[in-house]
Amino acid sequence: MLTLPVLAAAAALATCNFGHRAANAPKELEQYAFLVGNHHIVARGWDAKAGNWQKSFLETRWDGRWALGGHAIYDEWTGPVPPGSNEKPVLGANFRMWDAAHQRWSNMWMEDRHMQTTDILSKMEDGKMVMWQVYPKSDPEWKAVFDVHKDGSWTRTQYVKNADGAFALSARRHLASL
């Protein structure tokens, strides 16, 4: 049951207690350490027909902390809501743990719209974190790439598999710590 760690992590985020990486935790936890903190998000969609990023954007939050005694990372996502909309934001949470046996990350995503856990794997490729969904099977298939910038901000770019079987740009979220 995941309820207690989720509640404990959510309470810590509310008080800005980000915790710390355990001294005996795998060094690979540093690969996702950029998620620890409170982050302001500017989200833009990709306009494939025009071949550029949409001018309009939505703002929201992404907040992370060390969890499970510093052996994992827990982060919460508050989805953006278009101005003037009456919809509630999507609320989601991830647990990210290093899987030493497979040399990759095992992530569990939960969100309030579908009320289902989603299994996601990720690994470093060419200095960037790449993640993809494994269960339930997503349609269309997607991958996301995190890129950490020299100024400490980071970007998550989403790609979806098109009819030709190639990954094409879908959306970008530029994030900067508050």
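Author: Start with a term. Helices (H or I, at least four residues) and strands (E, at least two) are DSSP runs, numbered from the N terminus. In this predicted model, Thr-118 is found in strand S7, residues 117-125. Local features here need pLDDT of at least 70, side-chain atom pairs count only at pLDDT 80 or more, and totals for chains, interfaces and linings use all residues. Residues are numbered from 1 along each chain as its sequence is written, and side-chain values use heavy atoms, with hydrogens and water left out.

Reader: How many helices and strands does the chain have?

Author: The chain has one helix and 11 strands. Read from the N terminus, the order is α-β-β-β-β-β-β-β-β-β-β-β.

Reader: Is Thr-118 buried or exposed?

Author: First the cut-offs. Buried means under 20% relative accessible area, exposed means over 50%, and partly exposed is in between (1.4 Å probe, protein chains only). Thr-118 has 11% relative accessibility, so it counts as buried. Across the chain, buried residues make up 37% of the 178 residues.

Reader: Which residues does Thr-118 touch?

Author: A contact means heavy atoms within 4.5 Å. Leaving out residues up to four places away in sequence, Thr-118 touches Asn-107, Met-108, Trp-109, Gln-133, Tyr-135 and Pro-136. Now the whole chain. Take contacts between residues at least 6 apart in sequence: 37% of them join residues at least 24 apart.

Reader: Why does Val-160 count as partly exposed?

Author: Val-160 counts as partly exposed because its relative accessibility is 24%. Val-160 lies in strand S10, residues 154-161. Its contacts, not counting residues up to four places away in sequence, are Pro-140, Glu-141, Trp-142, Ala-166, Phe-167, Ala-168 and Ser-170. Look at Ser-170 again.

Reader: What is a nonpolar core?

Author: In soluble globular proteins, nonpolar side chains tend to be buried together. A nonpolar core is a set of buried Ala, Val, Leu, Ile, Met, Phe, Trp, Tyr and Cys residues joined through side-chain atoms within 4.5 Å. The largest one here has 23 residues. Tyr-32, Leu-35, Trp-62, Met-131 and Phe-146 touch the most other members.

Reader: Which elements give two or more residues to this core?

Author: They are strands S3 (58-67), S4 (72-78), S6 (104-111), S8 (128-135) and S9 (142-148). S9 gives the largest share, three residues.
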